[in-house]
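Here are my notes on this model, point by point. Please read them with the structure open.

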Amino acid sequence: MAERVFCVDFGTAYTKVALRRDPTADSTLLACAGADLDFWVPTVVTVDRCGAEPVVEFGHVAADRIAGGGIDRYTNFKRDLFANPAPVAGAPAAPPLDSLLSSDEFVTLAARYHVPPYQVTALRSLVGSARALIAAPGERAVSLEATKQANAAKLTSHYFAWLRKQVLAACEKLGKTGLRFEDFPVRVSVPALLPSDVAEQPGCKLLREALHRAGWPLHSDRPFVAEPESNAVGVLTGATNALNVDRNKMLLGQMFGRGPLNTVVKGDKNHQTYRALVIDVGAFTTDLTSLWLDTGGNAFLFGTDGGFVVKQRSVARGVNNLDAEVLGALSQAKREYLEKLPRREFANFQRAAYTDLNGIRPATTGLGVIGGEGDRTVIDPCILAFGARVAEEVKTFCAEVKPGNMQELILTGGGCGIPAVRNALIAAAQAHGGEFIRVHAPVARREKAGGPQIDGELKEHFARGGSALGGASIYFESQYH
Ligand SMILES: Nc1ncnc2c1ncn2[C@@H]1O[C@H](COP(=O)(O)OP(=O)(O)OP(=O)(O)O)[C@@H](O)[C@H]1O
Ligand SMILES: [Mg+2]
């Protein structure tokens, strides 16, 4: 339980951080150092081994470093942390020693003997590396995965320690508030890759240890929240928090009671059911959420009369897959050039090649425009194929949930910034879910008219920051229910 909280949306490509400084304040995004123009921080770490001592950099500085020549660049460690959330049927079981080392009992035993958590992680990594060298082929696959995950846990802990300094520095810039930001607990939004409680995913166990080592006090009641649900809450509440201070109860009607939902909760015989369908296409996962409400046509008071029925799922498909397909389809020279680009410039390429459709022109390479007119015949099919695959996931998800007779569609994440992908998702959701009274989605700067109607244009704060904003909502604080 917490009156004040940070929520970190630990994105594979970009981390976003929101703050709720008290229960009645709206949640706000923090611009960390180096991210002054936007609020997202690249989830990147580099280690420069050129000098006598290795130099470790993070975020924007790391993202601008080029890998090679003694510099190692680590990206996608969130993906590695959450990869293989559960044993695959028919896959060889983890070796008993690995099971022991990753068990809760071992962690408890280590704590009893005052073995610091980083040494436990190092031991796991050591055993994983040793097995990779000597194991039989079946065992090797398992332990290589374990090693990758252990390395990701180490990087995550360093990254979060750095992030904490950035966040506290950003809070200092808020002026004299008299608040002790260093004591605020943190909640992290994570993918929902398993149908069970998100906190039970092996990735969350590793994340919990990493946060502890990095000095973040964890939210005692709910340290993790599922990305799909927090995103839905962030967008639908518009990041507002409303509390009846006398009764210490949140006013969910006020927080959610905008637009179509307002009509339904007032009690409308023609609109007895409401559904918000939220689709977030990130770098690693696509997150799908359905928030469902049935009022029976009567006035509905959130809390007293219940709340949303939430169904959510994250699938391991995101813009990283599109990037890989596009790089594979371009000429070798262009691919090699793009692979070496710093993150910020690669993001410029993504926007130019997938959204603005005009490409980038490197100054010195003699490669001409990359991603422009001349490359459309190879890039457009990749975008269409990617959009079609994500649309299939949407159709499968929609087939599992009931449509409501008042519905909203909300499209977020960097992938929904790509008009062709976004339009494919709108078509898929409509094909299987009926009419939407309102479609909220990002609209590209130079987008031509003629696509599907988008009546709720989502600005980047919500399109990219919705999950952090929602995770900081009092909606997730049981003390106010
Ligand atoms: N308008 C755009 N056009 C093309 N690509 C974009 C656009 N906006 C963002 N992206 C890219 O989309 C990807 C996903 O961004 P996002 O911030 O949603 O990912 P994330 O939250 O870090 O990932 P995940 O939630 O899967 O862990 C990034 O690679 C980003 O650079
Ligand atoms: Mg995301």
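1. Start at histidine 114, which comes after helix H4 and has a positive phi, near 60°. Helix H4 itself covers residues 104-112 and is hardly covered: of its nine residues, the count that are buried is zero. Buried means that 20 or more other C-beta atoms lie within 10 Å of the residue's own; 12 or fewer makes it exposed, anything in between partly exposed, with C-beta atoms placed from the backbone. Helices (H or I, at least four residues) and strands (E, at least two) are DSSP runs, numbered from the N terminus.

2. A word on the source. This is a predicted model, in which local features need pLDDT of at least 70 and side-chain atom pairs count only at pLDDT 80 or more, while totals for chains, interfaces and linings use all residues. Residues are numbered from 1 along each chain as its sequence is written, and chains are lettered from A and ligands numbered from 1 in the order in which they are written.

3. The overall build. The protein has 17 helices and 17 strands. Its radius of gyration, taken over C-alpha atoms, is 23 Å, close to the 23 Å from the globule rule (2.2 Å times the number of residues to the power 0.38) for 481 residues, so the protein is as compact as a globular protein of that length. The C-alpha trace spans about 70 × 65 × 55 Å along its principal axes. Of the 481 residues, 45% count as buried.

4. The domains. Domain 1 is 5-222, and domain 2 is 229-319 + 384-480; the bounds come from an automatic or database domain assignment. Their centres, taken over C-alpha atoms, are 28 Å apart. In all, 29 residues of domain 1 are in contact with 28 of domain 2. Contact means C-beta atoms, placed from the backbone, within 7 Å.

5. Strand E1 (5-9), strand E2 (14-20), helix H2 (77-82) and strand E8 (186-190) each give two or more residues. E2 gives the largest share, five residues.

6. Ligand 1. Which residues are the closest to it? They are Gly11, Thr12, Gly282, Gly414 and Gly417, in a shell of 22 residues (C-beta atom, placed from the backbone, within 6 Å of the ligand). Helix H13 (residues 343-356) gives the most to this shell, with five residues. Domain 1 and domain 2 each supply at least three.

How values were computed: Two residues are in contact if their C-beta atoms, placed from the backbone, lie within 7 Å.
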